[in-house]
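Dear colleague,

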Amino acid sequence: MLKIKNLKADIDSKSILNNFNLEIKPGEVHAIMGPNGSGKSTLSNILSGKKGYKVSGEVLFENKNLFELETEERAHKGIFLAFQYPLEIPGVNTNIFLKTSLNAIRKANGEKELDAIEFLKLVKLKAKNLKFDEEKLNRQLNVGFSGGEKKKNEILQMSILNPKLSILDETDSGLDIDALKTVAAGVNSLRKNDNSFLIITHYQRLLDYIKPDYVHVLMNGKIIKSGGPELALELENKGYENFN
Amino acid sequence: MEEQLKIDFEKLLEKSNFSKKNIEIKRKNFNNFIEKGFPNKREENWKFSDLNQIISKNIKNLSFYNDLSKPNKIDQSTFIAGLEHNKLIFVNGRIEKIEFDYEEKNNIEILDDLVLEKPNNANNSLLFLNNAFVSKFFKLIVKKNYSLKKPLVIYNITNKDLVSKSVNLKFDILLEENSSLKLIEFSNDKSTTNFININYNFDVQKNSILKNYKIDNNSNSNIKYYFNNISQDTNSVSEIFLLSSGSEFIKNEINCNLNGKYASAFVNGVFLLNGSKHHEIKTNINHLVENTKSYQLIKSVLEDESKAVYQGKIFVDSKAQKTDGYQLSKAILLNENTEFNAKPELEIYADDVKCSHGSSSGSLNEDSIFYLMSRGLNYKEAKKLLINGFLLDVVEKITDSEIKNLIKNIMSLKQ
C-alpha cells in the first residue's frame, strides 16, 4: 500500500529525514516511536502533503507517486492524517465541515454524495460509537473543545471518511486513560484486511490498546531498528538515550 | 468645475419650483460648497480617501443638473424576492413609487414639501452640495406606538441613462415614541461613473427601534457618499448593518448621538471588495448621557488591489458615566496588493466607563487551509469555507432572522 524508499526531507536547509525507508502492506498496523525532534511529525506532514519541505526519494501509495498529488488528492485516494494539534476553525460548523469533506471525497471517487439526512444518520452512529457528545457537532469546528475532544473529533472524522491509510500523529498525547481507551477502540473497530495504520507516538501506552504488527524506532531522521510489539516494551524500559 | 457648478445650479433653480425660503437656503449652501469644494486628504476625516482625487480620476465631465421631469421605467427584476415589503423606489434619483401596502395608512406619513435646514455639520461640504442640489426632500414619520408590519425597502436604482451626474438625495425619518421600523436600503446600479450623495437623518424617539440594513452588492463604477445622522432618545435602539461591496467607491459616514439614557447603537458591517474598489466606514458614536451602549464589528475580505478603511470613533461625554462602548475590526487580505486601514479613536471624559477597541488584519491561515485540504477539500473550497466562517460571525449579529437569511443569500453564505 505504502512504499517509502530513501526519503530525504529538509526544511530551511536543515535535514530532518534522511535515508528513510518503510513499507506498509494492506491490513498492517505500524508504529513509529522516537524522541522529540526525531522527524516523526515531518513524516506525517510529508505524507499528507504539507508544503514547505524540500523532499527527495520515492513515496508510492498504491503504486502512485505521492509527490505528484495535491493534499486533497491524497485525501481522495484514502490517506488520512489525525493531527497532533487539530486546528480550531471559527465560524465553520463541525457537521457542515464533516459533510463537505465526506462528499468531496465521495465525489472524487465517483460515488453518490450523501444528502443531509443520510449524512446525519451516519454521523450520529459514529459519534455514539466514540462516545462523542453529539451536541458538539453543531458547534464551530474544534472551537472551545477540550484537548481530548479535539483528538476524539479527529478519530470521528477518520471513522466517517473510512480511509485506506490512517496516520495518527501522537493521537495519545493529552488524552486521559478513558479517552485513550475509547480512541483505541475506535481505531480497532476500523481495522480491516485492506485498511492500514501508521501510529506515531512517544510512548508505548497507546500500543497496549492498539496492537501493532510492527514497531520502528526513529532517531535522527531514520529508522534505526524495526521489530514486533516487544520492541516497544524494550524501548520503554531502556529509554531512547540508551537504546543504540 | 466651478463654472459648470454655477451653470447647473442656476438651471436647477430656473427649472424647479422651490419656495423663496428654500432658494435662499440653497444659495447659502451652494456658496459654502463653492468655497470648500470636494473634501481631500488634507482633512483628517478624509485622509484615507481623497474624494476630490477619486472623483477627478473616475468621472469625466461631472454635471450637477439632473433632469427629473420625466418618469423612469422601473426594472422590476431588481426587486427583492421572497420578502413581503413596502417600497420606496428611486430611479436615477427621481422618486417613482411610494407603496405602503402592508401598513395602516393613518400611522405613517410622508412629507415632501419641506423647508431645508442649515446643515448641522458645518464642516461637511458634501452636505452643502446635497442641500444645494437636492430636488425633493422627503420625510417619513412613523406615528407613536406603531410598528411597521413589514420592512420598508428603499430602492436606489440607476440605469444606463445616468452617466457622469451628481445625484443628491435627502431623507428624514422620524420614529415617534414606542414605534419601530425595519429599513433596507438596496442599491442596484447599471449606470456608470456618477457621484451619488445621500443624506439620511434618523430621529429615534423614546423606546423606539430602528433597524437599518444597507446593501450595496452589485458591481458598478459609481462613487457614493452616505451621511447618516442618528439621534436617539431614552431606551431606543438602532441596529445598522452594512454590506459594502458593489460600487467603485463608497464612504458611509455614521454619526450617532445617544441623547437618552439606556439608548444603544449597534453598527456591524462587511467589506467584500475586489478590483480597484475602495470603501470606507467612518463612525462617530457619541455617548452623551449616562448608561448608554454601543457595539461595532466590521469585517473585511479584500482581493486584488482593493482597499478598505474603517475609522471608528467612540466619544464619551463627561456626563456619560456607565458608558459601554466596544469596537472591533478584522480583515483578511487575500493579496499583497490589498490595503486595510483602521483608525480606532476613543475620546473619553467620564471616569466610570467600559470601552474597548481592537483591530487585526492578515492573510488566511495556511495551517487551517492545510487542515481542510487534508480532509479532501481543494484550495478554493478550503478558502471559501474559511471566509464563509469569518463573515458568518458578523452576519449572525443581525437580529431580524428573515432579513438575516436574505443577506446570507445575497452574500452566498452557507449555514
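At roughly what angle do the axes of helix H5 and helix H6 of chain B cross, and within what distance do they come? In this predicted model, the axes of H5 (residues 366–373) and H6 (residues 379–395) of chain B cross at roughly 120 degrees and come within 9 Å. H5(B) is therefore oblique to H6(B). The crossing of H5(B) past H6(B) is right-handed. On the side of H5(B), the contact involves B:Ser368, B:Ile369, B:Leu372 and B:Met373; H6(B) contributes B:Tyr379, B:Ala382, B:Lys383, B:Leu385 and B:Leu386. Of the residues in this contact between H5(B) and H6(B), seven are nonpolar, one is polar and one is charged.

I turn now to chain A. An open sheet of six strands is found there, with mixed pairing and the order S6-S9-S10-S3-S11-S12. Strand S6 (79–82) and strand S12 (222–227) of chain A are its edge strands, each pairing on one side only. Direction ignored, neighbouring strands of this sheet are turned against each other by 20 degrees on average.

Within the sheet, strand S9 (residues 165–169) and strand S10 (residues 196–201) of chain A run parallel and are joined by five bridges. A:Phe197 in S10(A) is the residue opposite A:Ser166.

Two helices of chain A may also interest you. Helix H5 (residues 147–161) of chain A packs on the sheet, where it touches S6 and S9 of chain A; its direction makes about 165 degrees with that of S6(A). Helix H1 (residues 40–48) of chain A lies across S3, S6, S9, S10 and S11 of chain A, and runs at about 145 degrees to S9(A).

With kind regards

Key:
Residues numbered from 1 in each chain as written. Chains lettered and ligands numbered in written order. Predicted model: local features only at pLDDT ≥ 70, side-chain atom pairs only at ≥ 80, totals over all residues. Axes fitted to C-alpha atoms, helices over the stretch in contact; angles between N-to-C directions. Helix = DSSP H or I, 4+ residues; strand = E, 2+ residues; numbered from the N terminus. Parallel < 35°, antiparallel > 145°, perpendicular 65-115°, else oblique. Left-handed = near helix turned anticlockwise from the far one by under 90°. Contact = placed C-beta atoms within 7 Å. Nonpolar A, V, L, I, M, F, W, Y, C, P; charged D, E, K, R; others polar. Pairing = 2+ DSSP bridges.
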